[in-house]
Amino acid sequence: MTTDLNTLLTALYVKIDDWLGRPPRVGRPPRLSDAELLTVAVAQALLGIRSEARWLRFLPRHLPGAFPYLPGQSGYNKRLRAALPLLKRAIRLIAADTDLWHDDVWVTDSTPVECGRSRPTVKRSELAGWAGYGYCSSHSRFFWGLRLHLICTPAGLPIAWSLATAKTDERHVLAAALEEDPQLLTSRAGQIIIADKGYVSAELDRWLTERGIRLLRPSYRNRTPHPGEHLLKPVRQLIESVNDTLKGQLDLELHGGRSIEGVGARVAQRLLAMTAAIWHNRTTGQPLTRSLIAYDH
């Protein structure tokens, strides 16, 4: 099987269409099916075209005949925002279809998702009250927006994710993500999660231990280092690499969302694109699991 954008989109469409089956929909079916909608969204994210209007003009010229019908910009925007629950389920479906899903080591961290810069934007944005000011220590800057909290395998396969206010405690978000989806921990006794110093909490340690999870993270400078702590740093760099893929190649911080549904759908769109690329690379036996180079042009 070749590794190119057309092959990936075809395989992804078939996978999602088989999964969805024939929807129990009353009335006339949509001219653009849900499977086609998700495939179009993944293609847009991989090719890095952020403008939906420009994307719908680009698609018929560069992928002629791939999609018999394309809606207008407004219709595509509405369908994509309404498809947020479907995007979440599709991420899980594709991720669970890889051997990486059973990895016994996860890494977790949060990264800023900026939603505005100017003061007028902050005051009139529909995101006000959910988005807020926060500080990114990695880049030594303040930002206004949200944080993407991601749990993934060392190869970058998303296991669970959530968007939260910039100042929400990372430890609370991790516990909430695992508690909301208890099936994640089924048959995973001894699962290891690697995190940074921001997840230091005796209460969180007890909560995870009760569920058979071991949390590994660096110690503070005034504490005795754990045995093997020096081995954590290379693994910790992997989550930074995943965040760099989302931001540098999939334009996570240039999402353009102006509402809760809009931001959620655009973040999920990019996570699905990365998941689909990892899934296809594993299926075709590529040496670099998270490489998007074959699909971004």
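These legends go with close-up views of a predicted model.

View 1. An α-helix has 3.6 residues a turn, so residues three or four places apart point the same way. Are W55 and F58 buried or exposed? Both W55 and F58 are buried.

**View 2. Arginine R188 sits over the ring of W101.** Look for the charged end of R188, which is 5.5 Å from the centre of the W101 ring.

**View 3. R211 lies over the face of W207.** Here R211 is at 3.8 Å from the ring centre of W207.

**View 4. Helix α7 has buried residues that are covered by other elements.** Helix α7 runs over residues 170–180, and its buried residues are E170, V173, L174, A175, A177 and L178.

**View 5. A cavity has α7 in its lining.** There is one cavity of 30 Å³ or more. The largest cavity has a volume of about 50 Å³. Which element gives the most to the lining of the largest cavity? That is α7, with four residues. Each of β3, β4 and α7 supplies at least two lining residues. Among the residues that line the largest cavity are T108, H149, W161, E170, L174 and Y199. By class, this lining has eight nonpolar, three polar and one charged residues.

**View 6. S187 has a positive phi in a loop.** S187 is not a glycine, yet its phi is positive, at about 60°. You can find S187 in the loop between α7 and β5. Why does S187 count as exposed? S187 counts as exposed because its relative accessibility is 75%, and the cut-off for exposed is over 50%.

**View 7. D251 also has a positive phi, and D251 is buried.** The phi of D251 is about 55°, although D251 is not a glycine. D251 is found in the loop between α9 (232–249) and α10 (260–283). With a relative accessible area of 14%, D251 is buried, since buried means under 20%.

Note on methods. Residues are numbered from 1 along each chain as its sequence is written. This is a predicted model: local features need pLDDT of at least 70, side-chain atom pairs count only at pLDDT 80 or more; totals for chains, interfaces and linings use all residues. Side-chain values use heavy atoms; hydrogens and water are left out. Buried means under 20% relative accessible area, exposed over 50%, partly exposed in between (1.4 Å probe, protein chains only). A charge sits over a ring if NZ of Lys or CZ of Arg is within 6 Å of the ring centre and within 35 degrees of the ring normal. Contact means heavy atoms within 4.5 Å. On a 1 Å grid over the protein atoms alone, a cavity is a set of points where a 1.4 Å probe fits but cannot get out, and a pocket is an open set with protein on both sides within 12 Å along at least five of seven lines; lining residues have an atom within 4 Å of a point. Grid points are joined across faces, edges and corners, and a volume is the space filled by probe spheres set on the points. Ala, Val, Leu, Ile, Met, Phe, Trp, Tyr, Cys and Pro count as nonpolar, Asp, Glu, Lys and Arg as charged, and the others, Gly among them, as polar.
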